[in-house]
Amino acid sequence: MANVEYIDAHSPEEVRRILNPLVREWFFSRFKDFSKTQLYTVKNIYDRKNILICAPTGGTKTLSAFLGIINYLVELALKKELDNKMYAVYVSPLKALSNDIFVNLIQPLREIEEIAKKKGIDIQEIRVGLRTGDTEAKERARQARKTPHIYVTTPESLAIVLTSPKFSEKIMALEFLVVDEIHALTNKRGVYLSLTLERLCHASSIEPVRIGLSATIAPLEEIAKFLVGSKRDCLIADVKLLKKIEIGLDYPGENLLEAENQTNQKKLYHLLDGLIEKNRTTLIFTNTRAATERIIHYLDLHFPKKYAGLIGAHHSSMSKEKRFEIEEKLRKGELKVVVSSTSLELGIDIGSIDLVILLRSPKGVARALQRIGRAGHKLHTNPRGEFIVLDRDDLIECGILMKGMIEGKIESTEIPKNALDVLAQQIFGMAITKVWDIDEILGVIRKSYCYENLSKEDFFDVISYLAGEYALEHRHVYAKIWYDADKKQIGKKGKLARVIYLTNIGTIPEEGFVNVVIQHPPEKRGSIIGKIDESFLERMKKGDIFVLGGEKYQFLFARGMKIYVRAGITKNPTIPSWFSEMLPLNFEVALEIGRFRRLVKERLKNKKECIEFIKKHIYCQQHIAEEAYNYFVEQQGFAEIPDDKTILIEKYKEEKEYVVFHSMYGRRVNDALARAYAYAAASFRSRDVEMGISDNGFFIAGEDLDEDKMIKAITGKNLEEILKEAVEKTEVLARRFRHCAARSLMILRSYKGRLKSVGKQHVHSGFLLYAIKKISNEFPILREARREVMEDLMDLRNAKKVLEGIEKGEIKIKKIRTPFVSPFGLNLVLQGRSDLIKIEDRAAFLKRMHELHLKAIATKGKYKQN
C-alpha cells in the first residue's frame, strides 16, 4: 500500500551539510539564507524521495526542486563522472520557459563554474537543453549529439522524445523527474502526461525520483497520487509561507444597483485609474477576451495619452510574439498596467507586480489565490489584490471567495479518469517503440493514477478500435496496431506509424470559427452574416436565439463549419455571446454561498446584528455588508431566499411561462439539471421549450409547463440515461466527439505533410459519427465524448447528489408564483439579452425592477427596505 505523508522542514544546518562546498558558496553569495520551501525539499530530493511541493506563487519552488539536482550533478562533474545521458527531466505545461530556466538553471550553473575556475578546480560542463514545439531542427540535432544532462520540455515534446530512438536511449537511466505547474495539469493534458511518465519509468533502468511543483491546490493527497502513480510513496511539503493576503472588495459609485449606469461606468475607470496610480505595476484580470479589450479602450478614452505605451493586453487570442513582447516589457518594468483574461494565471515570470485587480469573480478560491499571487511574487512581499464588482450576485460571490482566501479553504480539484481517447493515442505510441505483451502494457497503464481502475473491457475496446476491428476503412480510419489474441501481443502496423504519431501528438483541441448563414426567410437564404466562435456553437441548442452585429437570429441547425439561422426574430435572446468564455463557479464555493444565504436569512429581522454578522463572516467593510443585507431583504420580502437546503422554484408569465429554479450549485451542475428538466418538459408536449443556465440557477421557458411533472420525472437513478438522450443529437456532443476523435487519432490533423483544417476535420467527424452509430452506440471514442460532456463539461456526479438530497428530504423544494422575476433571478433571465441591451439601458432596467420589487414588497408589508 502506497504511503502519502506530510512532512516538516529540515533545519538549515541539515540542508547546508549536504551541499557541495562549491554549491554552498554559490548559494550564499546569492541568498542570505534558505527559503522555507528549500528547508522542506532540498534534503528529501537529495535522499531520493518522491515529493509534492505545494507553495504559494513566489515561494521559490523551482529553485528548491533544482538545488538538490544541481548539487548531485556538480559532485559528478567534479569527479569527471558525468555521462552523455539525461539525468533530470523538467516538464512544464508552459512553452514560455526560457527566462525561468535561465534564472533557475543556466545562470546558477554558469556562476558555479565561474567559482570553480577562480579556485583552479576542473569541472565538467553541465548541459541544459530546452525542447518545446518551437525548438528548431538544428537545436534538436545538437541535443541528440550532445545530450543535455537536464532536459526542459513540455508534455507533448517529452512523448515525442520517448518515441524517438536517438533520444530514448539517452533517457534509459533517468534519475529525476520534475513536473511543474501541476495545478494546470488537472485535465486531459495531465492525464496524457501521467501515462507518459509511466512509459518513461518503465523504460528506465532506474526508478526516477518524482518532484511535483504546485501553487495552491486541493486535495493534496490526490494530487500526490496523481504525481507518482499507484503503489508509490510520496511526501507532501505543504509550505505555508507566512504571507498575509491583503485583499479588498469594492464597487464604483455610491450604490451597487447603479454601478452600470453611465455615470458610474466613468467612476469605474476613475476607480481603476486611482488604484493604478498608487502602484508601480498593476495587473487586471477580466475573465473574458472582450472585457480585456474593453478595459484598455475605455482607460484610453477617459484618460487620453496618459497610458500611451504604458498599458498592454494579454489573452489567448493574441499572437505568441505579441504575448511574449508584453511579458518581456512587464519583466523590464516598462508597463504601468496589463489587462489579462486568464492567460497570465500560470507561473511565467513576469517580474514585480504591486497590485492585482480582479474585475468580476474568478469563480474559485484557488484561481483567486493564483491571480493574487502574481502580486507579491517575490519571496518576502505580501500578495495584494482588490475585487471590483459590478452587480449584487458578484458581490456575494466575491465575498465568499475572499473568506476562502483569508481562511485558506481551497476547493477540491478533479482529474479525469479512464479517458479512452488519451489511452488510444498512448497505446499507439507504446506500440511504435516495441512489441508488447498485452498484460505488460495493461500493467504499465494501470500504474497511472488516472487509469488505476481501468476495466479490461474498456482496455480491449480501445485495442479493438486501434486494431481496425470496427471496419471503418470506408471512412478513412485504418488499423494502427496489430493484435495477436493467441500470443497476447500487440505491435505497430504500417510504415508511417511513427510519422503519424509524431505529427498528431497531444490533447489540446484545435478550434475554429463558424460561418452564420441565413436559411429563413427564403429571400435572404444563403447570405453569410458573420462568424461565431466554435465554442459558442457548442453551447447552443436548436431554437436558441442569439445576437450578432446587433441583430437577433434563431439557431436552426449546423452543417460542417456553417450554422443556419432564421432572421427577423422578435423574441428575446436566450444565450449571450460571451457565454462560451464564462468560467464555471466551483460546486464547493456554490455550496458555501448557499450556506451564507441561510445564515443571513436566520438573522435578517435584526438589521444591526445581521450587518455585523456579514462583515465578520466575509471580512468586508460596512458599505459592502449593507449592500448585501439590502439585497437579501429585497429577495426575502418579494419571494424567499433560496439556500443550501432549499431550492426555490418561481413561476411567472411574460411572453412565455418561465419556471426559474434557484439552485445555487454552479453552472456545471445546473447545466446537467436544466438539460434533464428541459428534456422532460419537451417530452410532456410542452411547446417551444427553451432554457437558460447560470451559476445561481436555471430557467425553463415554454407554453403549458407543468413543473410538478418535470420534478417527478428526473431522479438520481435516471438522470444519467436522460442526459445521455438529451445530449445525443446536440452540437456539444458532435464537437466533443471531434476533439476525442482527433486525440484518439481517428481524425489525423496532419498526414504526409498536409494539414487538415478545422472545417475539414469537423466534416470528417460528422461522417464518422454517423457511421459509428450505425455500427455500435457503445464505440469507445463515442463513449468518451459522452463522458467528457457529462463529467467534464457538466458535473453529473454532483447533479446526482442534489437529486438524491431532494429524494431524501435533505433539500426542500419550495414553489411560488410571482408577478415577475425575483431579485435573485434577474441576472439569470437578463444574461441572454445582454448583447442587445446597452449598458445604460441595463442599469435603467435594473433600477426599474428594483423599484417594482420594493412596490410589491410594500404592498405585501412583509419587510421594509432600510
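Select cysteine 610 first: the residue is buried, at 0% relative accessibility. Buried means under 20% relative accessible area, exposed over 50%, and partly exposed in between, using a 1.4 Å probe and protein chains only. This is a predicted model, where local features need pLDDT of at least 70, side-chain atom pairs count only at pLDDT 80 or more, and totals for chains, interfaces and linings use all residues. Residues are numbered from 1 along each chain as its sequence is written, and side-chain values use heavy atoms, with hydrogens and water left out.

**Cysteines**

Searching the whole structure turns up zero disulfides, a disulfide being a pair of cysteine sulfur atoms within 2.5 Å. For cysteine 610, the nearest cysteine sulfur belongs to cysteine 620, 11 Å away. Now select cysteine 398. Its nearest cysteine sulfur is that of cysteine 620, 12 Å away. Cysteine 398 is buried too, with a relative accessible area of 0%.

**Confidence**

Colour by pLDDT, the predictor's confidence in each residue, from 0 to 100. The chain mean is 89, and 94% of residues reach 70 or more. Go to residues 862–866. Here pLDDT stays under 50, and the model has 18 contacts beyond four places in sequence. Contact means heavy atoms within 4.5 Å.

**Strand β24**

Select residues 657–662, strand β24. Helices (H or I, at least four residues) and strands (E, at least two) are DSSP runs, numbered from the N terminus. Six of the six residues of β24 are buried, so the strand is largely enclosed by the rest of the structure. Show side chains. Glu657, Val659 and Phe661 lie on one side, Tyr658, Val660 and His662 on the other.

Two strands pair if DSSP finds at least two bridges between them. A hairpin of three residues links β23 to β24. Pick leucine 648: its bridge partner in β24 is histidine 662.

Tyrosine 658 has alanine 701 as its bridge partner in β26.

**The five-strand sheet**

Move to the open sheet ordered β19-β18-β22-β21-β20, with mixed pairing. Its edge strands are β19 (528–533) and β20 (545–548), each pairing on one side only. From one strand to the next, the twist averages 45°. Axes are lines fitted to C-alpha atoms, for helices over the stretch in contact, and angles run from 0 to 180 degrees between N-to-C directions.

Finish on β18 (residues 513–520) and β22 (residues 562–566), which pair parallel over five bridges. Valine 516 has isoleucine 563 as its bridge partner in β22.
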